[in-house]
Amino acid sequence: MNARRTLTPYLLLIPGLAPILVLMTLVIGMALTRSVTWTDVSGNVSLSLEAWRTILGQDQFWRAFFYSARIGTLGALISVVLAYPVALWLRRPFPGSGLVSSLIKAPILVHGLVAAFLYVNFVSFQGFLNVALVGLGFAARPIRMQNDPYAIGVVILQVWKNMPLAYLILSGSVSAVSDDLLNAARDLGVGTLGRLRRVVLPLTLRSLQAALILIFIGAAGDYTFQAVAGPTNINSMAQFMVRMEVDNGLQGWSLSAVVAVMLMGLSLFGAIALAGLVQVLVKRVGR
Amino acid sequence: MASPFPRAERWRNRLLILLALVVFFLALGLPFAMAVLWSLVDPSHPWAYPNVLPPVLSFRRWVEIWTTSGLQQALVNSYMVATTVAVSAILLALPTAYAFGRLEFRGKAVAQMLTLLPLAMPLFVLAMFYVAVLSRLGIYSRFLGIAIGHTFYFLPYAIRLLTVSFSGVRQDLIDAARDLGASRLTVFRHAYLPVLKPGLLAALIIVFILSIEEFAISYLVGAPDFTTVPTILFSYLGYNFIRPSAAAVSLILVVPNVLLMLIAERLLKSTGASAGSGKG
C-alpha cells in the first residue's frame, strides 16, 4: 500500500513527462550524432569531424553566429528596458491602467509571420511610412526600407513581439515589491532612480533574468522575422542551418547538425552569460 | 471618496495613457488597417505610388484566394491537426498535471522544470531534427508527423495550465464529499469538475491556437505537400511577395485566434476566481 502510494505520483508523470523527454533526447541525440558523421560521395557514412571543420572554417557561418547573437542580445535588452518603466508605471492600478495593460499585451496574440507582414507592409515602398514621409515633404520619393542591411527591422520586430512578454514576466514581481519598502527608502532620502537601482532592480532580478533568457533564446533562434524582414546579405543561424541541409546534398544533414549544435550552444551559454552580466550589473548599481 | 492619487499624478497618468493609445495606434491599429485595405485592393486596379489610397476596393481578392489557392485545404489541415493536438495534449497532460497540482513527492520541482525543456530550445533546431527522427522511425505521414510534434511541443503549456486548475481544487470539499460517502466519480463530479472545467477549456483553446499558429514544425515536416495556414502565408511573404493575398491570409490567421484567445483568457480568469472563492 505504502509502495503504491509512493509510486503513484511517478506513474502519473509518465504520460506528460515521458513524451517530452523522449522528444528532446531523440532530437538532441540526432543533432549530436549527425554532427559527427560524414557521408561520402558513394553514400558511405562514417564517424568524422569533417562537418565541424567545414562549418567552423566558413566566414558565412561566423557572420550568422555573431549576427544571431547580436539580434538576441539587442532584442532581449531593448525589450526589457522598455518593459521596466511600463511595469513600474502600472504597478498600482488606476483608472485606465487595465486598458493600457491589455493594449501592451496585444502583440502576444499576433502571429510572428503576421507581425512580419504588418511591418514589411508598413515600411514598404507603398507603405504608410513612405506615404507619410513623402506627403509631409520629408522625402522627395519613397525610400527603400524593407530588408534593411543593418537589421533594424528585425530588431524592431523582436522588440514589438517580445516587449509584451517581458512586461508580462516583470509586472508580477514589480507589483510584488512592497510599498513599505519603497516608502522607507524615500523617507531615507533615496530618489526615484536610487529606489529603482537599490530596491526594485535587486528584488526583481530573477524575473528580469527569466525575461532576458526567454527572449534571447527566441530571438537568437529566429527564422521567420529574418526570412521576411531581415537583410538579404546575411543569414540568421536558423536560416543558415536550414540552408546547409537544403544546399549540400549528402553532407547536408551533417553540416546542418553542426550549425544546430552551435545554435543550441549559443542559446544556452548566451542566455546564461546575459543573465550573469545583468546580475553583476544590478549588484554593482545597487551598491 | 477622494482619489488615492494626487492631482499631478492623475494628470501624468492621463497623458501617459494618451501616449500609450497613440503608440498602440501606430504599432498595431494602423498596420492592421493597412492590411485590411491591402486585402481589399481590386486586382484589376493595383494600388501603386503615388496613390495614397487604393483606387478601387472590392472583395475579388478574397474570392480569388478562397477559390484558386490552396487556402481551403490549408484551413482543413490546420484545424484537423489542431483538434487532434488539443485533445491528445490534454489527455496526456491530465495525469501529470494532477500529480503536480495535488500530490507532494520527491523530485517534483525537477520534474516540473523538465516539462519546460522544449521551450528552452530553439524551435527551428527542434523542428529540423524532429524531421530526421521521423524519417529514421519510418513515419512518413505528414499529418501524423505534425500532430505528434505539436502534441509533444505544446504539452508543457497544457501541463502548466491544468496544474494551476488542479491546485485550485479545495481539499476540504474533497474531504467533505468523501466523509459523506461519495464515490470517486461523485467526488470528481462535485469537487473537481466545477473548478477544472474552465481551465480545461482554456487549455484546449490555447493548445488549439498554438497548433494552428505553429510554423516551424508544420513547414519543415509538411513541406511541400501538406500546407497549413502559416505555411501558405509564408509562401506569400517569400520571394514572390504577393501583398494583397498575404494581407487576406494574415487576417484569416489572426482574427479567429484572437477571438478564441479572449475566450480562453476569460475562462482562465474564472478559474482563478473559482479557485480563490472556493466556488463549486
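1. A quick word on terms before the interface: two residues are in contact here if their C-beta atoms, placed from the backbone, lie within 7 Å. Keep in mind that this is a predicted model. With that cut-off, the contact between the two chains takes 63 residues from chain B and 55 residues from chain A.

2. Which elements of chain B give two or more residues to the side that touches chain A? They are α1 (7–39), α3 (71–102), α4 (108–115), α5 (123–137), α6 (142–167), α10 (229–237) and α11 (243–277). The largest share, 13 residues, comes from α1(B).

3. Helix α1 of chain A (residues 2–35) and α6(B) have axes that come within 9 Å and cross at roughly 145°, and the crossing of α1(A) and α6(B) is left-handed. From α1(A), the contact is made by Gly16(A), Pro19(A), Ile20(A) and Leu23(A); from α6(B), the residues are Phe152(B), Leu155(B), Pro156(B) and Ile159(B). Sorted by class, the contact of α1(A) with α6(B) comes out as seven nonpolar, one polar and no charged residues.

4. Now the nonpolar core. The largest one has 167 residues, and Met241(A), Val259(A) and Phe129(B) are those with the most contacts inside it. The largest share of this core, 15 residues, comes from α3(B).

5. What does Met241(A) touch, leaving aside its neighbours within four places in sequence? In chain A, Met241(A) is in contact with Ser256(A), Val259(A), Ala260(A) and Leu263(A). In chain B, Met241(A) is in contact with Phe124(B), Val125(B) and Met128(B).

6. On to the fold of chain B. Helices or strands? There are eleven helices and zero strands in chain B, so to speak an α run from the N terminus on.

7. As for dimensions, chain B has a radius of gyration of 24 Å, whereas a compact globule of 280 residues would have one near 19 Å. Taken along the principal axes, the C-alpha atoms of chain B fill a box of roughly 75 × 70 × 30 Å.

8. Buried residues make up 43% of its 280 residues. Of the contacts in chain B with a separation of 6 or more, 72% are between residues 24 or more positions apart.

Definitions and conventions: Residues numbered from 1 in each chain as written. Chains lettered and ligands numbered in written order. Predicted model: local features only at pLDDT ≥ 70, side-chain atom pairs only at ≥ 80, totals over all residues. Helix = DSSP H or I, 4+ residues; strand = E, 2+ residues; numbered from the N terminus. Core = buried A, V, L, I, M, F, W, Y, C linked by C-beta atoms within 7 Å. Buried ≥ 20, exposed ≤ 12 C-beta atoms within 10 Å, placed from the backbone. Axes fitted to C-alpha atoms, helices over the stretch in contact; angles between N-to-C directions. Left-handed = near helix turned anticlockwise from the far one by under 90°. Nonpolar A, V, L, I, M, F, W, Y, C, P; charged D, E, K, R; others polar. Rg over C-alpha atoms; globule rule 2.2 N^0.38 Å.
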